[in-house]
Amino acid sequence: MAARIFHNPKCSTSRKTLDLLRENGIEPEIVLYLKTPPTRDELVAMITDAGIDVRTAVRKRESLYGELGLADATDDELLDAMAEHPILIERPFVVTDKGTRLARPIENVNEIL
């Protein structure tokens, strides 16, 4: 099965999700999204395919979220901010032939394996 993980190796949830994929015999394409961020259109596609709303895909605990005053931002403003500052993207997103999931909780990924 082809799979892609938008990964941050400093994040324990992201590391555990990568381990889960490997435990299931899947060696995913690893996208270090802080170095190679998805485009705004790719973000929209992943969020839509994952069946979540834009606000769920934003890291609200990230200090930049508060600094940019995003609490009252529209979906378009949030998407623009995530595209410009990938640290604001919640992680990790996993994409397989069966769909896309945000691994929060990690067990969400089982739905697309």
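Visitor: Which residue of strand 2 is the bridge partner of phenylalanine 6?

Guide: The partner of phenylalanine 6 is valine 31. Do keep in mind that we are looking at a predicted model.

Visitor: How do you know that strand 1 and strand 2 are paired?

Guide: Pairing requires at least two bridges. Strand 1 (residues 3–7) and strand 2 (residues 29–32) are joined by four bridges, so they count as paired, and they run parallel. Between them the chain passes through helix 1 (residues 12–23), making a right-handed β-α-β crossover.

Visitor: What stands opposite phenylalanine 6 in strand 3?

Guide: That is phenylalanine 93. Strand 1 and strand 3 are joined by four bridges and run antiparallel.

Visitor: How is strand 3 linked to strand 4?

Guide: A hairpin connects them through two residues.

Visitor: How do you know that the span of helix 1 agrees with what it should be?

Guide: We set one value against the other. With 1.5 Å a residue, the twelve residues of helix 1 should span 16 Å, and the end C-alpha atoms are 16 Å apart, so the two agree.

Visitor: Which residues of helix 1 are buried, and why do we say they line one face?

Guide: The buried ones are Thr13, Ser14, Thr17, Leu18, Leu20 and Leu21. Viewed down the axis of helix 1, they fall within an arc of 155°, so they line one face. They pack against strand 1, strand 2 and strand 3, while the face turned away carries the exposed residues Lys16 and Glu23.

Visitor: And what about helix 2 (residues 40–50): which residues are buried there?

Guide: Leu43, Met46, Ile47 and Ala50 are buried. Their arc around the axis is only 95°, so they sit on the same side of helix 2. That buried set packs against strand 1, helix 4, strand 3 and strand 4. Asp41 and Thr48 are exposed on the other side.

Visitor: Why is glutamate 90 called buried?

Guide: The cut-off for buried is under 20% relative accessible area. Glutamate 90 has 7% relative accessibility, so it counts as buried. You can find glutamate 90 in the loop between helix 4 (75–84) and strand 3.

Visitor: Which peptide bonds here are cis?

Guide: Among them is the bond joining arginine 91 and proline 92, with omega about -10°. Proline 92 belongs to the loop between helix 4 and strand 3. Another is the bond from arginine 104 to proline 105, where omega is near 0°; proline 105 lies in the segment after strand 4. Why point them out? Because most peptide bonds are trans.

Terms used:
Residues are numbered from 1 along each chain as its sequence is written. This is a predicted model: local features need pLDDT of at least 70, side-chain atom pairs count only at pLDDT 80 or more; totals for chains, interfaces and linings use all residues. Side-chain values use heavy atoms; hydrogens and water are left out. A crossover is right-handed if, with the strands pointing away from the viewer, the path from the first strand over the helix to the second runs clockwise. Buried means under 20% relative accessible area, exposed over 50%, partly exposed in between (1.4 Å probe, protein chains only). The expected span of a helix is 1.5 Å times one less than its number of residues. The arc is that of the directions from the helix axis to the C-beta atoms. Contact means heavy atoms within 4.5 Å.
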